[in-house]
Number of protein chains: 2
Amino acid sequence: MKVLDADVHESFASIKDLAPYLPEPYRGWIAGGAWRGFSQPFAYTSPGLGNRADVRSNDGSASVSDYGLMRDQLLDAYDLSHAVLTGYFYPTGLKLQYGFATALAAAYNDYVAEHWLAKDPRFIGSVQVNARDPEAAAREIDRMAAHPQVRQVLLPVVDDIAYGHPVYRPIFEAADRNRLMVAFHHTTFAQGPYGMGLHYMERHALLPLAMMPQVISLIANGVFDAYPNLRFMILEGGFSWLPHVMWRLDREYRQGRVEVPWIKKLPSQHCRERLRLSTQPTEDISGDQWMKLIDLMGTDDVLVFSTDYPHFDFDDPNAAIPRVLPESTREKILWKNAAEFYGVSDDPRSERSLEAAE
Amino acid sequence: MKVLDADVHESFASIKDLAPYLPEPYRGWIAGGAWRGFSQPFAYTSPGLGNRADVRSNDGSASVSDYGLMRDQLLDAYDLSHAVLTGYFYPTGLKLQYGFATALAAAYNDYVAEHWLAKDPRFIGSVQVNARDPEAAAREIDRMAAHPQVRQVLLPVVDDIAYGHPVYRPIFEAADRNRLMVAFHHTTFAQGPYGMGLHYMERHALLPLAMMPQVISLIANGVFDAYPNLRFMILEGGFSWLPHVMWRLDREYRQGRVEVPWIKKLPSQHCRERLRLSTQPTEDISGDQWMKLIDLMGTDDVLVFSTDYPHFDFDDPNAAIPRVLPESTREKILWKNAAEFYGVSDDPRSERSLEAAE
């Protein structure tokens with residue numbers, strides 16, 4: 001069965017790897033140590049720290065800055081048809097000077113194009129942006145959309161942005177005019193309504209609570225209706241909450257739609273048609289529970305498989321989706337739903353859009 | 001079929017109704033207008049504003065300060081065995097001077113005892129506290145626990161408190177030593193990780209996101225394990241999210257329990273045994289979806305019916321729980337689960353604990 005991995009985290013070895021792609025004065029700021037990169041605001045306690053214990057780059061570090069390592073451990077090991085690069089460096093989360101954050105996003109996109117996308121046609125790329133400056137983000141989307149492997153804008157979920165707010169419309173406009181999809185992934189700064197909690201267990205259980213409000217915000221503020229061709233991917237944000245959020249939104253809509261007349265469909269219909277959610281981290285539930293959950297979602301079109309490579313809670317495509325699920329459903333989750341979302345065929349080398357790049 | 005309503009909102013006509021129960025200087029502050037009461041930070045758009053359109057007290061206001069109105073519209077109209085008074089005035093949310101907020105909570109408790117609990121043995125009472133001063137809250141719990149109708153401490157869900165944090169332990173200690181239950185209800189200040197949203201639909205869809213973190217916080221920080229006799233009630237916070245939260249917590253626990261060794265049971269087991277969730281506002285789902293959802297919860301012990309009287313989105317006990325559910329499950333939701341939680345029999349007048357009060 002073919003597998004498309006919707007959430008793979010490439011990285012750099014050091015923030016200084018971005019210096020060649022930065023204009024002055026930012027290049028000098030990085031080179032001189034005026035800013036030393038970001039640090040996550042909590043400690044990972046797993047043996048490999050945040051990553052799988054077997055992830056070691058050529059330089060001995062635990063970062064995944066080495067394409068060859070990812071090829072061997074992921075793309076070839078699991079015979080993936082495609083892997084979607086989603087990054088780990090999200091300037092939006094940093095509250096840096098806006099111009100600097102925007103320049104870092106562009107530098108990172110250029111770094112990824114050269115060091116990752118160019119090396120393997122199985123990679124699907126994301127445009128990283130500084131979402132705090134939506135007009136600048138839109139310009140970066142226009143710039144990167146020309147790259148044939150880029151298929152989505154990556155909107156990082158941070159501590160203070162619900163993307164349905166009208167100020168972010170230029171980003172969706174840009175995604176729409178460039179026929180890109182929009183994906184959401186949490187950053188290390190995402191949190192619940194009361195912060196990150198006091199233990200890793202608490203913090204990690206709170207991450208879906210930063211994602212549900214994005215769906216609520218996008219639908220309540222009419223983003224689904226304003227851009228009917230856009231589709232939205234929730235990455236690593238949980239998925240078993242979808243029935244609750246759909247039912248709650250439907251109820252609120254039926255009861256209060258006079259206040260939100262721009263919403264033209266039941267929110268659950270919007271979600272089933274245009275929202276997709278990646279499966280990692282899968283929860284420890286039985287095949288029967290998977291089937292009941294999918295039944296409550298009302299469709300098996302919304303789930304897409306992901307490994308979250310190289311993180312310590314990696315999901316193995318051979319084990320994560322129970323084999324007792326109907327074969328057609330497993331095929332949709334492991335490949336077909338994502339392939340349709342990203343508009344890819346099963347042989348990357350045959351794709352017209354990629355021929356231009358080769 | 002007997003019905004116990006787990007969430008009923010009594011009120012006062014004016015904040016000045018509390019003046020007789022306040023010591024100086026607070027009585028003078030209220031009488032003189034130094035503080036004019038609270039105002040919700042958003043507007044209700046329904047015809048009755050926040051309440052049912054048919055709720056009018058004797059003074060013509062839309063507040064429920066009139067026991068007779070509630071008796072006629074709720075207790076007698078639906079032949080309730082009991083109704084749990086949960087208030088609408090929550091000093092914890094107000095960020096007033098701590099002593100003033102604590103005095104207001106005590107005054108409100110005395111107001112409710114005289115104007116509500118004393119008038120009908122079908123009422124079950126809640127202790128209101130200023131949770132921002134946990135030691136003072138504990139003293140108020142000790143004071144009110146002697147009242148025979150009081151069965152629970154009401155912890156208001158505000159914008160900045162996750163109750164598993166160790167500073168709130170004195171409140172749980174006090175509930176435990178007085179054999180009270182602990183209930184959580186949102187206030188007008190509750191919000192999601194990115195605020196309240198821009199429309200009522202968004203705000204109301206976000207309320208469960210202020211409740212899920214309470215469950216996560218209580219379990220991750222060991223409150224369930226530290227007080228094995230305490231049980232916890234989630235009021236008006238949604239319920240269809242429970243499978244997601246249980247599964248996610250189980251996964252995080254299995255993966256990271258080395259960091260939280262005080263947790264002695266799978267979180268889902270803790271929830272099934274000791275967490276209860278009220279059903280209003282029910283979502284618009286079919287009987288089949290109710291059954292699948294209950295199956296995914298792993299028990300029909302956790303749901304308890306509530307009307308949320310007098311609010312505009314009132315759930316009718318004759319309609320809210322579909323009749324296609326097994327009769328034993330409907331009986332549990334409408335009465336038995338809550339009766340066991342609150343330790344009440346089906347005839348309030350026969351209860352030993354109430355004899356002392358009569």
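Predicted model: local features only at pLDDT ≥ 70, side-chain atom pairs only at ≥ 80, totals over all residues.
Chain B superposes on chain A by a rotation of 180° with 0.0 Å of shift along the axis, at an RMSD of 0.0 Å. The two copies are thus related as by a two-fold rotation axis.

**How the two chains meet**

- The two copies use the same surface: 100% of the contact residues of chain B recur in chain A.
- Pro193(B) is the residue of chain B that comes closest to the rotation axis, with its C-alpha at 1.9 Å.

**The annotated domain**

- An unreviewed UniProt entry lists residues 66–343 of chain A as "domain: Amidohydrolase-related".
- That span, residues 66–343 of chain A, is 44% helix and 12% strand, and its end C-alpha atoms lie 27 Å apart.

**The sheet of chain A**

- Eight strands of chain A make up an open sheet with parallel pairing, in the order β1-β2-β3-β4-β5-β6-β7-β8.
- At the edges of the sheet stand β1 (4–8) and β8 (303–304) of chain A; each has a single partner strand, so one side of each is left without a neighbour in the sheet.
- Within the sheet, β2 (residues 82–85) and β3 (residues 123–128) of chain A pair in the parallel sense over two bridges.
- Looking at this pair by residue, Ala83(A) has Phe123(A) as its bridge partner in β3(A).

- Helix α3 of chain A covers residues 98–115, which is 18 residues.
- From first C-alpha to last, α3(A) reaches 25 Å, close to the 26 Å expected at 1.5 Å a residue.
- α3(A) lies across β2 and β3 of chain A and runs at about 165° to β3(A).
- Most of α3(A) is covered, with 13 of its 18 residues buried.

**A closer look at Tyr194(A)**

- Tyr194(A) sits in the loop between β5 (181–186) and α6 (200–206) of chain A.
- Is Tyr194(A) buried or exposed? Its relative accessibility is 17%, so Tyr194(A) counts as buried.
- Across the chain boundary, Tyr194(A) touches residues of chain B, among them Val157(B), Val158(B), Asp159(B), Asp160(B) and Ile161(B).
- The contacts of Tyr194(A) also include Ala162(B), Ala210(B), Pro213(B) and Gln214(B).
- Within chain A, Tyr194(A) and Leu206(A) are 12 residues apart in sequence, and their C-alpha atoms are 9.5 Å apart in space.

Definitions and conventions:
Residues numbered from 1 in each chain as written. Chains lettered and ligands numbered in written order. Heavy atoms only, no water. Least-squares fit on C-alpha atoms with pLDDT ≥ 70 in both. Contact = heavy atoms within 4.5 Å. UniProt positions renumbered as here; feature names shortened; annotations may be inferred. Helix = DSSP H or I, 4+ residues; strand = E, 2+ residues; numbered from the N terminus. Expected span 1.5 Å × (residues − 1). Buried < 20%, exposed > 50% of the residue type's maximum accessible area, 1.4 Å probe, protein only. Pairing = 2+ DSSP bridges. Axes fitted to C-alpha atoms, helices over the stretch in contact; angles between N-to-C directions. Lists of a residue's contacts leave out its neighbours within four places in sequence.
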